[in-house]
Amino acid sequence: MKNQNNSTKVTLVGAGPGDIDLITIKGLNAIKNADCILYDALVNPEILKYAKKDTPCIYVGKRFNNHRLTQEEINTLLVEKASEHGHVVRLKGGDSFVFGRGSEEIEHVESFNIPTEIIPGISSALAVPALQGIPLTKRTVNESFWVITGTTSNGNISKDIKLGAQSSATLVILMGLRNFSLIMEEIKKCRHKYTPFAIIQNGSLPDEKITIETINNYKNALGFIDYNKPGIIVIGDVVAEHSSYLDEEIQRVLNSSF
Ligand SMILES: C[S@@+](CC[C@H](N)C(=O)[O-])C[C@H]1O[C@@H](n2cnc3c(N)ncnc32)[C@H](O)[C@@H]1O
């Protein structure tokens with residue numbers, strides 16, 4: 001359908017971590033009013049049921065090594081679809097400005113004088129630990145948290161992981177599962193060996209799973225990682241707040257004493 005109503009616009013919407021109820025009211029209203037939707041792999045497609053019946057919903061990728069379209073192709077498509085349909089909603093997992101390349105897309109669209117709007121989403125970095133009852137900060141336990149990428153654009157671990165390991169902050173590592181062993185070896189150099197960590201995959205979805213260990217035993221967690229599912233690693237004493245932690249600690253002590 002050709003855009004005839006002069007409402008050309010691109011709205012960047014953060015869809016939240018996966019559970020469709022974890023989108024903002026403003027984000028949901030944007031979906032309801034969209035003339036075209038471009039969505040990513042980490043967006044739960046169930047949310048698209050709220051779009052108007054005739055709204056084209058285009059899947060544009062992308063997961064590790066499985067990019068449906070390149071970033072340049074997505075940028076071009078955004079401009080094309082806005083000119084063709086009017087109001088385009090660009091739907092991304094979590095928050096679009098947290099490792100989401102949202103600002104690059106906004107810059108590209110604005111360079112064509114197309115108006116834009118940004119609707120923040122709940123980042124997996126915040127929501128996924130919270131849903132497991134792991135607070136990112138707790139009075140007297142820690143004073144900050146860092147959200148770090150576990151894989152930089154050249155495939156290496158971020159230098160900030162080394163810096164974060166030296167701090168007392170809770171570390172929340174996104175895109176880190178494929179570099180998990182490298183990351184833990186860095187952390188071990190600086191943190192106490194009994195520092196707990198959690199790996200949480202498919203957070204907020206029915207098949208969410210969590211593995212908790214201490215960094216001296218990080219290799220025990222390797223067999224539990226599903227490399228096809230998104231996951232975050234949370235490292236720091238706040239992980240001990242998880243309801244299962246005490247039980248696991250008791251088992252560990254019992255097993256080591258007999
Ligand atoms: C490209 S980043 C995008 C992050 C997103 N913008 C956000 O704010 O959540 C993708 C990474 O986010 C994390 N992630 C996203 N959704 C997740 C979920 N439901 N459960 C666990 N980790 C998730 C994983 O580390 C995944 O590799």
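How far from a nitrogen atom of the ligand does a backbone N or O atom of Val-98 lie? The distance is 2.7 Å. This is a predicted model, in which local features need pLDDT of at least 70 and side-chain atom pairs count only at pLDDT 80 or more, while totals for chains, interfaces and linings use all residues. Residues are numbered from 1 along each chain as its sequence is written, and side-chain values use heavy atoms, with hydrogens and water left out.

**Ligand site**

The ligand has 18 residues around it. Asp-95, Val-98, Ser-123, Ser-124 and Gly-231 come nearest. Here a residue is near if one of its heavy atoms lies within 4 Å of the molecule.

| Residue (backbone atom) | Ligand atom | Distance |
|---|---|---|
| Val-98 (N or O) | nitrogen | 2.7 Å |
| Met-175 (N or O) | oxygen | 2.9 Å |
| Gly-203 (polar atom) | nitrogen | 2.9 Å |

**Overall fold**

The protein has 7 helices and 10 strands. These are DSSP runs, with helices (H or I) of at least four residues and strands (E) of at least two, numbered from the N terminus. Along the principal axes, the C-alpha atoms fill a box of roughly 75 × 35 × 35 Å. Of the 258 residues, 47% count as buried. Buried means under 20% relative accessible area, with a 1.4 Å probe and protein chains only. Consider contacts, defined as heavy atoms within 4.5 Å. Among those between residues at least 6 apart in sequence, 67% join residues at least 24 apart.

**Helix α4**

Ser-123, one of the residues nearest the ligand, also sits at the start of α4. A side-chain oxygen of Ser-123 reaches to within 3.1 Å of the backbone nitrogen of Ala-125. Helix α4 spans residues 124-131, and its buried residues are Ala-125, Ala-127, Val-128 and Pro-129. Their cover includes strands β6 (145-149), β7 (170-174), β8 (196-201) and β10 (231-235). After α4 comes Gly-133, with a positive phi near 75°.

Thr-211 lies in strand β9 (residues 209-214). Thr-211 counts as buried because its relative accessibility is 12%. Neighbours within four places in sequence aside, Thr-211 touches Phe-197, Ala-198, Ile-199, Ala-221 and Phe-224.

Ala-51 belongs to the loop between β2 (36-39) and β3 (57-59). With a relative accessible area of 14%, Ala-51 is buried too. Its contacts, again leaving out neighbours within four places, are Ile-31, Ile-37 and Cys-57. Ala-34 is 17 residues away along the chain, yet the two C-alpha atoms are separated by 6.8 Å.

**Cavity and pocket**

Both come from a 1 Å grid over the protein atoms alone: a cavity is a set of points where a 1.4 Å probe fits but cannot get out, a pocket is an open set with protein on both sides within 12 Å along at least five of seven lines, and lining residues have an atom within 4 Å of a point.

The whole structure holds 1 cavity of 30 Å³ or more. The largest cavity has about 40 Å³ of space. Its lining is Ala-15, Gly-16, Gly-18, Ile-20, Val-43, Asn-44 and Ile-47. That gives 4 nonpolar, 3 polar and no charged residues, with Gly counted as polar.

The second largest pocket has a volume of about 160 Å³. It is lined by 13 residues, among them Ser-168, Arg-191, Thr-195, Gly-236 and Asp-237, which lie nearest its centre. This lining has 4 nonpolar, 7 polar and 2 charged residues.

Conventions:
Buried means under 20% relative accessible area, exposed over 50%, partly exposed in between (1.4 Å probe, protein chains only). Grid points are joined across faces, edges and corners, and a volume is the space filled by probe spheres set on the points. A polar contact is a pair of N or O atoms within 3.5 Å; within protein, one must be able to donate a hydrogen and the other to accept it, and residues adjacent in sequence count only if both atoms are side-chain atoms.
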